[in-house]
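Subject: Structure for your files

Hello,

Here is the structure I said I would send over. My notes on it follow below the entry.

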Amino acid sequence: MIDSKEKYFLGVDVGSISTNLAVIDNSKELIESVYIRTDGKPVDSVQKGIKLMRDQLGEELTITGAGSTGSGRKLTGVIIGADIVKNEITAHALASLHYNPDVQTVIEIGGQDSKIIIIRNGIVVDFAMNTVCAAGTGSFLDMQANRLEIPIEKFGELALQSDNAVSIAGRCTVFAESDMIHKQQLGHPTKDIIKGLCEALGRNYLNNVGKGKDIRSPIMFQGGVAANIGMKETFEKYLEQEIIVPENYAVMGAIGAAILAQEDAMKRPKKSNFQSWDISEMDFQTSGFECDGCSNICEIVEIRRNDTLIARWGSRCRKWDLID
Amino acid sequence: MITNPERKLRVGIPRALLYYKFSDLWITFFEQLGAEVIVSPETTKKIKNVAVRLAPDEDCYSTKLYFGHAMALKDKVDYLFIPRFGGSKKKYVGCPKFIGLAEVLRSMIPDLPEILMPHYNRGMDKHTRIGLLVRAFRLGKIFRKNPFVRIRAISRAFKAQKFHNKTMIIDENILRKWENSEVILNDFPIYNENEKQLKIALVGHSYVLNDPFSSLSIRSLLQSYGVDIITSEQMPRNLIEKQMAKLEYDIYFDFEREILGTIMHFIESKTVDGIIHLLIFSCGPDSIAGDIAARLSKRDSEVPLLQLVFDELTGEAGMRTRIEAFVDMLRRSIDKKVIFLTEQVRI
């Protein structure tokens, strides 16, 4: 599987809930992927992810380019020594286009973010992200699964067993939760409530993030929530279109970051900044302080690798900035 | 107040809202009358925190910031200048909040310095242009008794404002030159190697466009992405009126005409790669213009439109992701277009 003449690219997507890594070859085929929880410790989870990846691929594999994406992309970029740090919209769009060059709509629902990306002729033409509300994203489903004591993996299956979805107020997760409790207390079976919840979240997504967007087929559904077959069915019901869930739905962001790293390596032939597979053994420390230079009182963050300061940011005036 | 002939009277002007449109007029006027003008500093986190704590909850973000700026001047000046400005055109209105600012502040904070609050609203019958001059003349009496000095101050102030408008607002000829990349109208974009040059129209209220704090430094962000911008403030007025005439309804919010007219112009002319529309959360006129802009952009979507809504709770991370993704999207679509072209040549 590993060819010493082949070039390999690493993509790391650090989101609020999960950290994903993907290694692709020069033809953008996925070689190996890692999906773990971020657990609120992005640095640790990147180190853990790199270690798992190394264990699976072996230390001999050379990385020609590395990219990072997701809400923790900047920090991740410094930790792994990424050649390119890009937003998750671009990354997801690229990964989707690789799996289906004809794709026109990408629905991506992750831990705390949900997005819609509109693509025409292989070009992103429009996008939207959820604004101040995280209703309908993975972390809410996760919380409810916990509350109902159902493993999150079983959530979708259970929804499919129901043919009588109860109506749940999906506008706000707090109200959705009280509504669910109410329905439980009325005696509705769990599977009907779960199906009702999936439908409420699907409606919420289409009315908020998807509002005013020209949703055309083929539609791809990715991100952690795509594991939930109940959500897939909901979208199929409301959009009256087939929904494609790609095989690697959960690591599409990481694949996109790897594709970006490959593009970057092609544009500028240079040695990759990628640290090495020993990242997991290095000691990373982050610390912060408040700058009292002016009344903006910026929060400055410092990142140290083995006691050497490698990055610092957070000031509006950029006087503290240190990258590279 | 102790009047000391040795010391100049201090007039404080909050650096917020209409300051960004009329600063030259106001500052020249008071300085010509021998007053010392103190403008509050640029918005900082401290000013924002004071503002959000103090201001009425339902006010828009920019109005809230005004309260913070007024507080920053509170103990430093003899007078606060907070004009009650309703609008400068017969048919159109500004924002009703601007008319009430002075009164709201006075009722909320009793120990403020005296507030100078001349009222001017061209839309009202008695508020003629001559009336404005008379008001300015009367206001000037606080500082100088000599009528000639006051008349001269008024005349110089209007001259300064005229000059400001002339340097800010470009004509069609300059616009054409900008569209052809012959001139730069704002900060010089930082171009990176192998990157296509992008042109974006940055549209919004002057007090959002020019306040890096409330717009999360979007101008310098775009500059660092190598984007050449034009702002709605700079647009030729005749082009804006031309676009407004196309609407079936008359938009009577004066500032929104500028915003909407700019968006409509570029949707039609397609001379920019994209449009970024900055909106302020809970601004009434913005919500109307925002919706109209979104509909028009949907009808003719060749030039992409990104609408960003700002308030005190806006997260910088999410905003940056959107702006970066938008710039990426535009850049990639240009790259693709070039590839299509070469493919055709080969055939």
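What radius of gyration would a compact globule of 347 residues have, and what does chain B have? A compact globule of that length would come out near 20 Å, and chain B has 22 Å, which agrees. Please keep in mind throughout that this is a predicted model.

Chain B overall

Chain B contains 13 helices and ten strands. Along the principal axes, its C-alpha atoms fill a box of roughly 85 × 40 × 35 Å. Of its 347 residues, 53% count as buried. Among contacts in chain B with a separation of 6 or more, 72% are between residues 24 or more positions apart.

Chain A overall

Chain A has nine helices and 14 strands. Its radius of gyration is 21 Å, close to the 20 Å that the globule rule gives for 324 residues, so chain A is as compact as a globular protein of that length. The box filled by the C-alpha atoms of chain A, taken along the principal axes, is roughly 60 × 50 × 35 Å. Of the 324 residues, 53% count as buried. For contacts with a separation of 6 or more in chain A, residues 24 or more positions apart account for 61%. Chain A exposes about 14700 Å², of which carbon and sulfur atoms supply 47%.

A sheet in chain A

Five strands of chain A form an open sheet with mixed pairing, in the order β3-β2-β1-β4-β5. At the edges are β3 (30–37) and β5 (84–85), each of which pairs on one side only. In general, the strands of a sheet pair through backbone hydrogen bonds, either parallel or antiparallel. Here β1 (residues 8–14) and β2 (residues 18–25) of chain A pair in the antiparallel sense, over seven bridges. Within the sheet, A:L10 stands opposite A:V23 in β2(A).

Cysteines

A:C298 is buried, with a relative accessible area of 11%. A:C198 is also buried, at a relative accessible area of 1%.

B:I230 sits in strand β8 (residues 227–231) of chain B. Is B:I230 buried or exposed? Its relative accessible area is 0%, so B:I230 is buried. Not counting residues up to four places away in sequence, B:I230 touches B:I170, B:L175, B:W178, B:L185, B:N186, B:I200, B:A201, B:L202, B:M235 and B:F266. B:I230 and B:I275 are 45 residues apart along the chain, and their C-alpha atoms are separated by 9.7 Å.

B:S215 lies in the loop between α8 (206–209) and α9 (218–224) of chain B. At 2% relative accessibility it counts as buried. Which residues does B:S215 contact, leaving aside its neighbours within four places in sequence? They are B:V208, B:L278 and B:F310. A polar atom of the B:S215 side chain also lies 3.0 Å from the backbone oxygen of B:D211.

B:Q307 belongs to strand β10 (residues 305–310) of chain B. With a relative accessibility of 29%, B:Q307 counts as partly exposed, because that class takes in values between 20% and 50%. Setting aside neighbours within four places in sequence, B:Q307 is in contact with B:H277, B:L279, B:G290, B:A293 and B:A294. The side chains of B:Q307 and B:H277 are joined by a polar contact of 3.1 Å, and a polar atom of the B:Q307 side chain lies 3.0 Å from the backbone oxygen of B:G290. B:Q307 and B:E42 are 265 residues apart in sequence, with a C-alpha to C-alpha distance of 25 Å.

Regards

Methods: Residues are numbered from 1 along each chain as its sequence is written. Chains are lettered from A and ligands numbered from 1 in the order in which they are written. This is a predicted model: local features need pLDDT of at least 70, side-chain atom pairs count only at pLDDT 80 or more; totals for chains, interfaces and linings use all residues. Side-chain values use heavy atoms; hydrogens and water are left out. Two strands pair if DSSP finds at least two bridges between them. Helices (H or I, at least four residues) and strands (E, at least two) are DSSP runs, numbered from the N terminus. Buried means under 20% relative accessible area, exposed over 50%, partly exposed in between (1.4 Å probe, protein chains only). A polar contact is a pair of N or O atoms within 3.5 Å; within protein, one must be able to donate a hydrogen and the other to accept it, and residues adjacent in sequence count only if both atoms are side-chain atoms. Contact means heavy atoms within 4.5 Å. The radius of gyration is taken over C-alpha atoms; the globule rule is 2.2 Å times the number of residues to the power 0.38. Accessible areas come from the Shrake-Rupley method with a 1.4 Å probe; for residues, only the protein chains shown count as cover.
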